[in-house]
Amino acid sequence: MKSRPLLSAVIATAMLALSLPGALPAVAAPAPDNWQKVLEEANGQTVYWNAWGGDARTNRYIAWVAEQMQADFGVEVEHVKLDDTSSAVARVLGEKQAGNDDEGSIDLIWINGENFAAMREQDLLFGPFADTLPHFALTDPDNNPEVVTDFTLPTDGYESPWGKAQITFYYDSAQVDAPPQSIDALLEWAKQNPGQFSYPRIPDFTGSTFLKQALIELSDQDDALYQPVEDSDFAEITAPLWAYLDELHPHLWRSGRSFPDSGPNLRTLMSDGELSLAFSFYPTDAAVAVMEYELPESVRSYVLEDGTLGNVHFVAIPYNSPHKAGAMALANFLLSPEAQARKQSLDMWGDRSVLAISQLDDSDQALFEQGEQHPSALPVDALSNTLAEPHPSWMTALQDAWLERYVVN
């Protein structure tokens, strides 16, 4: 078994060695003792939160957040549902190019990876602000570097964490006795079970993450994946991936001639009995679906033996947001024990918390207690082996290469 970079190791290296070109000069943000002033300014504002809208559970949680923000802080939250975060990045860039530096249309963006890197490079973000949020300290950032690092890049306070994701496979145990435990084993399993597996069409985020998972397992040049793609021989490093996909695709759902639109669409295909093996970027996805009668009770979750790709997702404030106080109040609420516990609950969304739960006081820790583990959920310690995200430039390069190779114009 070859050694692969774990999240903690890659983050430590990045924090020591990496700096971003073209970063904005530090923007004065309220100190913690001025937080009341931020809340006073936020009261009455409407925050336009651009966030992926492709999953009913995510939307349900954001709707709950909006209710709490209105009731507790007098802040109205409008969920602007996105199919692709890059469209929000393009809008902010277009506003900057048009000279709109004060009255932008976006106040908060759910963001990470290549989109965060693009916004930093183009000077499109307000900040640093994250370490001024009163609840940010609950993430224990000094001992939890993943909350201050995004796809190898230090966040430098320009985005605030709010959730964690990791590739998790799930299968119907009534049909599958021994699910594949590696990317190589997945190929052999697909050959023996034609049409029973697929992955979302690129550039869907979940589908793109599958490409990165496969590349990490198949490549013998892992170090290159954690540097800018232009510093490497892309064709040589990715050759094993394309060879693998060329062999895999004929055995996928619809013989690889078409692909599901998204992770939720994969879940629907499982529900309809068209697939017996699927995956999600949310570890509790299958368990929540079973609870809500979307998947059969025989569904079980697992991760690959050598670990799976994981990351933290963040929120960021565009530089030209006219409602920065409201956006900061929202980002801070998202980090509150109440909001994090509600988000992690299988009854709401099931998205993992970024808080250092063991360091919370007893009453806040109690919010995270969920009773007996659901049989379709992962064991508590299953996510201990988290593989680090490659440099964000690899995401875009892989997407472009996949589209060129597999999409007929």
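Predicted model: local features only at pLDDT ≥ 70, side-chain atom pairs only at ≥ 80, totals over all residues.
1. Helix α5, which spans residues 113-121, is mostly covered, with seven of its nine residues buried. The buried positions are G113, E114, N115, F116, A117, M119 and R120, and the elements that cover them include α4 (85-97), β3 (108-111), β4 (149-150), β5 (153-154) and α14 (392-406). After the helix comes D123, whose phi is positive, near 55°.

2. T155 belongs to the loop between β5 and β6 (160-166). With a relative accessible area of 2%, T155 is buried, and, leaving aside neighbours within four places in sequence, its contacts are F116, R120, V147, V148, T149, D150 and F314.

3. W110 is buried, at a relative accessible area of 8%.

4. Elsewhere, F169, Y171, F197, Y199, F210, W242, F259, F279, Y302, W402 and Y406 form one aromatic cluster. A further ring, that of W349, has the charged end of K343 over it, 6.0 Å from its centre.

5. The whole structure holds 14 salt bridges. Among them is the bridge between K164 and E146, with the closest N and O atoms 3.0 Å apart; K164 lies in strand β6 and E146 in the loop between α5 and β4, so the pair ties together parts that are 18 residues apart in sequence. Both K164 and E146 are buried.

6. K212 and E389 form another salt bridge, in which the closest N and O atoms are 2.6 Å apart. Because K212 lies in helix α7 (residues 205-218) and E389 in the loop between β11 (386-387) and α14, this pair ties together parts that are 177 residues apart in sequence. K212 and E389 are both buried.

7. D285 and R267 meet through their side chains in a salt bridge of 2.8 Å, N to O, and the pair links helix α10 (residues 285-291), which holds D285, with helix α9 (residues 263-271), which holds R267. D285 is buried at 6% relative accessible area, and R267 counts as buried at 8%. Salt bridges that share partners join D55, R57, R60, R267, D285, E292 and E294 into one network.

Note on methods:
Residues numbered from 1 in each chain as written. Heavy atoms only, no water. Buried < 20%, exposed > 50% of the residue type's maximum accessible area, 1.4 Å probe, protein only. Helix = DSSP H or I, 4+ residues; strand = E, 2+ residues; numbered from the N terminus. Contact = heavy atoms within 4.5 Å. Phe/Tyr/Trp six-rings, centres within 6.5 Å; stacked < 30°, edge-to-face > 60°. Lys NZ or Arg CZ within 6 Å of the ring centre and 35° of its normal. Salt bridge = Lys/Arg side-chain N within 4 Å of Asp/Glu carboxyl O.
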